[in-house]
Amino acid sequence: MRPTKAIIDLDALSKNYVNLRERVNNRPLIAVVKADAYGHGMLQCVKKLSSLETPPEYYGVALLEEAVELADSNITDSKILCFAPFEIGEINTYTKKSIIPTVCTVEQIDEIKNLEDASSLVVHVNIDTGMGRLGIPYSMAQDFILELSKTNITVDGVYTHFATSDEKDKEYANLQLKRFLQVKNSLHSNGLKDTKFHCANSGAVIDMPESWLDMVRPGISLYGYYPSEETSESVELKPVMSIQTKVSTIREVQKGESVSYGRKYFATKNILAGTIPLGYADGISRALSNKISVIINNKLYDQIGRVTMDRILVKVDEAVTPGDDVLLLGSTDNHIIDACDWASILDTIPYEVTCNISKRVPRFYINE
C-alpha cells in the first residue's frame with residue numbers, strides 16, 4: 001500500500017471553531033463545509049462539530065448533492081443551507097430533506113410564489129451588493145423579499161457575499177455592508193423581524209465586527225487558514241490538514257546529470273535523490289516544481305525536477321533512508337510548511353491548495 005495520506009486533526013478543527021465563535025461573541029454560526037469541507041472531508045468534519053457543546057446552527061454547502069449527502073447522513077440536527085441557485089424541479093428534494101434553498105433571482109421568486117403547496121418551504125435570499133456573481137440586485141431586493149414574505153414561504157434568512165473582505169483596504173467591503181444594511185433596515189421597518197441577516201465570511205469574521213449581524217459564515221478559517229496575507233490574525237487558527245508519506249527509494253545522481261521530465265534540474269555535484277510517492281495527481285501542482293521543500297527527520301530538503309503525476313524527487317543526504325517519514329504539509333519542532341507556503345508560490349490562496357488534494361490521497365482522522 002502506498003504510504004501517502006492526509007492526516008485531519010479534528011481537535012484543531014474544534015479549536016478553530018471555538019475560537020471563531022468566541023471572536024463573534026457566540027453569535028449563531030453557519031459552518032461552511034462545501035467542497036468536501038475544503039478537501040478535509042465533509043461528513044467527518046460535520047460529525048466532529050456537531051458533537052461539540054455548542055454546535056453550528058447551520059451548515060453551508062454549495063451544491064444540492066452535497067446537501068443531500070449531509071442530510072442523509074443523519075449526523076446532525078443543524079439546518080442545512082445550500083448556496084447554489086435552486087431549480088424549480090428540485091423543490092421536492094429540498095422540502096423532503098429539510099434543506100434550505102437559496103433564492104437569488106426575481107424569476108425564482110415568481111416561480112416559488114406560484115407553487116401549489118409551498119407551506120413547508122424555508123428559503124434564504126441572496127442579494128448582490130457588489131460581488132457581481134449571484135443575487136438579486138440590492139436596489140430591487142426590498143420589494144421582492146417583502147412580496148415573498150407575504151406568501152406561505154418562510155424567509156428564514158437574507159444574505160450577501162463580500163468580494164474584498166480579505167483585503168487590507170476595506171473601502172469596497174464597507175460599501176457592500178452599507179448597501180446590505182440599507183436593505184436590512186428597510187425590511188425590518190416593514191415587519192421582517194424574524195429573518196436572519198448574514199454576510200460575514202472568514203475575512204469579515206476576522207476583521208469586520210460591524211458585519212457580524214445575526215449570524216456569521218466562516219469557511220477557510222475553520223480549517224486553520226487566514227483567507228489572505230492581508231487580514232489580521234485576531235483569531236488563533238491551526239491548520240487541520242497535514243500531508244505525510246515515506247521515502248520510496250534513493251539513488252545517486254552524478255554531477256551534470258538531469259532528473260525528471262523536461263530536464264529542469266541538473267546536479268551541480270554528485271547528489272542523492274529520494275523518490276517520494278505522490279505527484280500532481282494527488283494535488284501537488286506541477287507549478288511547484290523545484291520550488292518547495294519537504295521535512296524529513298526534522299530537516300528541510302529541497303524538491304528537485306518536475307513534479308510528475310505520481311512522484312516527486314527530493315535532494316537528500318546520507319541521513320535519509322528508504323522508509324523515512326516525509327512531511328509535505330505540517331509541522332515539526334523546527335519547521336512548518338502549510339498551504340499558505342504553496343499558495344504564495346502558486347500566486348493563489350490556501351483554499352485552492354487544500355481543495356486540490358485529490359481523493360487519491362486517503363484521509364485519516366485523528367482526535368475523533
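Predicted model: local features only at pLDDT ≥ 70, side-chain atom pairs only at ≥ 80, totals over all residues.

Visitor: Fine. What makes up the protein chain, in helices and strands?

Guide: The protein chain has 11 helices and 21 strands. Its C-alpha trace spans about 75 × 40 × 40 Å along the principal axes. Of the 368 residues, 51% are buried. And among contacts with a separation of 6 or more, 65% join residues 24 or more positions apart.

Visitor: Let's pick a pair of helices. Why are helix 7 and helix 8 called roughly parallel?

Guide: Helix 7 covers residues 138–149 and helix 8 covers residues 171–189, and they pack at an angle of about 25 degrees with their axes 9 Å apart. Angles under 35 degrees count as roughly parallel, so helix 7 and helix 8 get that label. Their crossing is right-handed.

Visitor: Which residues of helix 7 and helix 8 meet?

Guide: From helix 7 you have Y138, A141, Q142, I145 and L146, and they meet R179, V183, S186 and L187 of helix 8. Sorted by class, that contact has 6 nonpolar, 2 polar and 1 charged residues.

Visitor: How do you know what to call helix 6 and helix 7?

Guide: By the angle again. Helix 6 (residues 106–113) packs with helix 7 at about 10 degrees, and their axes are 10 Å apart. The cut-off for roughly parallel is under 35 degrees, so helix 6 and helix 7 are roughly parallel to each other. V106, I109, I112 and K113 of helix 6 make the contact with M140, F144, E147 and L148 of helix 7. By class there are 6 nonpolar, no polar and 2 charged residues in it.

Visitor: And what makes helix 1 and helix 3 oblique?

Guide: Their axes come within 10 Å and cross at roughly 55 degrees. Roughly parallel needs an angle under 35 degrees, and roughly perpendicular runs from 65 to 115. The angle falls between those ranges, so helix 1 and helix 3 are oblique to each other. The crossing of helix 1 and helix 3 is right-handed.

Visitor: Where do helix 1 and helix 3 touch?

Guide: L10, D11, L13, S14 and Y17 in helix 1 meet Q44, C45, K48 and L49 in helix 3. The residues of that contact divide into 5 nonpolar, 2 polar and 2 charged.

Visitor: Which residues of helix 3 are buried, and why can you say they line one face?

Guide: Helix 3 runs over residues 42–50, and its buried residues are M42, C45, V46, K48 and L49. Looking down the axis of helix 3, you'd find these buried residues within an arc of 160 degrees, so they line one face of the helix. Their cover includes helix 1 (10–23), strand 2 (30–32), helix 2 (34–39), strand 3 (58–61) and helix 4 (64–73).

Visitor: What about helix 4: which residues are buried there?

Guide: L64, E66, A67, V68, L70 and A71 are buried in helix 4. Among the elements covering them are helix 2, helix 3, strand 4 (79–85) and helix 5 (91–97).

Visitor: Now single residues. Why is N19 called partly exposed?

Guide: N19 sits in helix 1. Buried means under 20% relative accessible area and exposed means over 50%. N19 has 23%, so it counts as partly exposed. N19 touches V235 and E236, leaving aside residues up to four places away in sequence. N19 and S234 are 215 residues apart in sequence, yet 9.8 Å apart in space, C-alpha to C-alpha.

Visitor: Is N26 buried or exposed?

Guide: N26 is found in the loop between helix 1 and strand 2. Its relative accessible area is 53%, and the cut-off for exposed is over 50%, so N26 is exposed.

Visitor: What stands out about the phi of N26?

Guide: Most residues other than glycine have a negative phi. N26 is not a glycine, but its phi is positive, about 60 degrees. A35 is not a glycine either, and has a positive phi of about 50 degrees. A35 lies in helix 2. With a relative accessible area of 37%, A35 is partly exposed. N74, which follows helix 4, also has a positive phi, near 55 degrees.

Methods:
Residues numbered from 1 in each chain as written. Heavy atoms only, no water. Axes fitted to C-alpha atoms, helices over the stretch in contact; angles between N-to-C directions. Helix = DSSP H or I, 4+ residues; strand = E, 2+ residues; numbered from the N terminus. Parallel < 35°, antiparallel > 145°, perpendicular 65-115°, else oblique. Left-handed = near helix turned anticlockwise from the far one by under 90°. Contact = heavy atoms within 4.5 Å. Nonpolar A, V, L, I, M, F, W, Y, C, P; charged D, E, K, R; others polar. Buried < 20%, exposed > 50% of the residue type's maximum accessible area, 1.4 Å probe, protein only. Arc of directions from axis to C-beta.
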